2 protein chains.
Amino acid sequence: MAMGKVTLVSAGPGDLELLTLKAARALASADVVLLDDLVNPEIVTLAPQARVIRVGKRGGCRSTPQAFIERLMQRYARRGLHVVRVKGGDALLFGRAGEELAALHSAGVTVEIVNGISSAFAAAAGLGVSLTHRDHCQGVIFVTAHLRDHSEPDWTVLAATGMTLAIYMGMSRIASLCATLAATLASDTPAAVVQWAGSTKERRATGTLGTIAALAQAAGLGSPAIILVGKAIGEAASFSLSHASFGVGYDEDAGQTPQRLIA
Amino acid sequence: MAMGKVTLVSAGPGDLELLTLKAARALASADVVLLDDLVNPEIVTLAPQARVIRVGKRGGCRSTPQAFIERLMQRYARRGLHVVRVKGGDALLFGRAGEELAALHSAGVTVEIVNGISSAFAAAAGLGVSLTHRDHCQGVIFVTAHLRDHSEPDWTVLAATGMTLAIYMGMSRIASLCATLAATLASDTPAAVVQWAGSTKERRATGTLGTIAALAQAAGLGSPAIILVGKAIGEAASFSLSHASFGVGYDEDAGQTPQRLIA
């Protein structure tokens, strides 16, 4: 039997319209789809022929062990099937893709990687700001506040770079990390929280390092969310009146569903 | 006359298959398309009804002044047209989008932002590696080596973070910046160069901080390219045998052109 393959598809932040054409095509030809946490479950409508296996860690289920997921992919690929492994955002950023790629390569399984939109980009789009501004900073740092050994990144070192910070998985410690950053950066440094960035559930709060933790809490914003900090983010506030123009989603009334788009 | 609008579309790294569904749809309904530098010119096939204006700075032309571009967008939007402004990668990263957004907002023009795949993500996909690995680092820094005032980022501070570095626009000074980084990081820290990442012209070199500048030069790699540095990148070498599996582009013989996909 001919060997199948695995396509590692990055699903982006939620809105199915933010999938790439390549991702949509991979799903359309999938025999088996393995769905990760935080992926919009409606994505399965793009894979009409596929057996769908949910391997997420939320929704009251126990975590699916990583080794089991890797064995599943290998088993189906060996049967000659096209396995599409779907991860939220871009799988190559905080997605533990390295471990799965290593396991598949060791097993001799062909893997193709399809990029996607990581949440911080969608958060900036929702706020209507650029992540960088040539007047303000020379780059952006994508950092997870949730480290494997339960320690924290060295916020002081990161703040000292002067770059925009895009903090993933930081909502459980937003007050303390903002306070730590404010010891290096000015407390009036612009900051924002975007929950469910790039999905129809998107919610935003804008403020400063000194105010954002309280503002986000008052607005009831929690995980999953991106915390953005830096002068480049400061232009968000002035655009707040036209927030409605930064819409997400698509117009179902016009028949423009993703299914139609790739039909 | 009804006011038109501007859609700021991120074209991704080159392969038209890496456009989002949303970007393809915006192009399909465009009346006017303004094309930036480094965008795959074939993207105009997705905007069959549009007047196309090239505002790039390459190809022997003089730079189109930024103020002129901004006035063009406003003029067409005021005529009730749908203007699609196309930038390479994700427009919100090193794209000077902040300036254009501010000008459009000041003029009262509605703007929608569509995210795209930034080159460093495509570079990692081409190498078959993750930008982060939970054993190796807590994040990634996207930094431009080309600053407005012709100074350089503080490479020592960036190296000290221990994060993966994704360096944009660094090829003209790759030898000196790698030498500076090697004063803080070990010279055997994995490094890679990916030119034209995420396009059919993609070319790669992998090595270490100590070797990558010479290897890239020997291979004739130049701009535009991404330089990746960090332990997470180290897994690229071991996958080199299966590079062919990380293909880009699409199978034209199968009739799977982007045009067909959104027809």
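The model is predicted, so local features require pLDDT of at least 70 and side-chain atom pairs count only at pLDDT 80 or more, while totals for chains, interfaces and linings use all residues. Residues are numbered from 1 along each chain as its sequence is written, chains are lettered from A in the order in which they are written, and side-chain values use heavy atoms, with hydrogens and water left out.

**Symmetry**

- Chain A is superposed on chain B by a rotation of 180 degrees with 0.0 Å of shift along its axis, at an RMSD of 0.0 Å (least squares on the C-alpha atoms of residues with pLDDT of at least 70 in both copies).
- The two copies are therefore related as by a two-fold rotation axis.
- Both copies use the same surface, as 100% of the contact residues of chain A recur in chain B (contact means heavy atoms within 4.5 Å).

**Extent of the interface**

- In chain A, 71 residues are in contact with 72 residues of chain B.
- The two chains bury about 5900 Å² between them, and 61% of this area lies on carbon and sulfur atoms (buried area is the accessible area, with a 1.4 Å probe, that two parts lose on being put together, summed over both).
- A:Leu21, A:Arg25 and A:Arg134 supply 13% of the area that chain A buries against chain B, more than any other three residues.

**Polar and charged links across the interface**

- Between chain A and chain B there are four salt bridges (a side-chain nitrogen of Lys or Arg within 4 Å of a carboxyl oxygen of Asp or Glu).
- A salt bridge joins the side chains of A:Lys22 and B:Asp15, with an N to O distance of 3.9 Å.
- The side of chain A that touches chain B comprises 37 nonpolar, 21 polar and 13 charged residues (Ala, Val, Leu, Ile, Met, Phe, Trp, Tyr, Cys and Pro count as nonpolar, Asp, Glu, Lys and Arg as charged, and the others, Gly among them, as polar).

**Strand pairing**

- Five bridges join E6(A) to strand E6 (residues 139-144) of chain B, and the two strands run antiparallel (strands are DSSP runs of E, at least two residues, and helices runs of H or I, at least four, numbered from the N terminus; two strands pair if DSSP finds at least two bridges between them).
- The bridge partner of A:Val143 in E6(B) is B:Gly139.

**Salt bridges overall**

- Over all chains, the structure holds 20 salt bridges.
- Within chain A, the side chains of A:Glu152 and A:Arg173 meet in a salt bridge at 3.9 Å, N to O.
- This pair links distant parts of the chain, 21 residues apart: A:Glu152 lies in the loop between E6 and H5, and A:Arg173 in the loop between strand E7 (164-168) and helix H6 (174-181).
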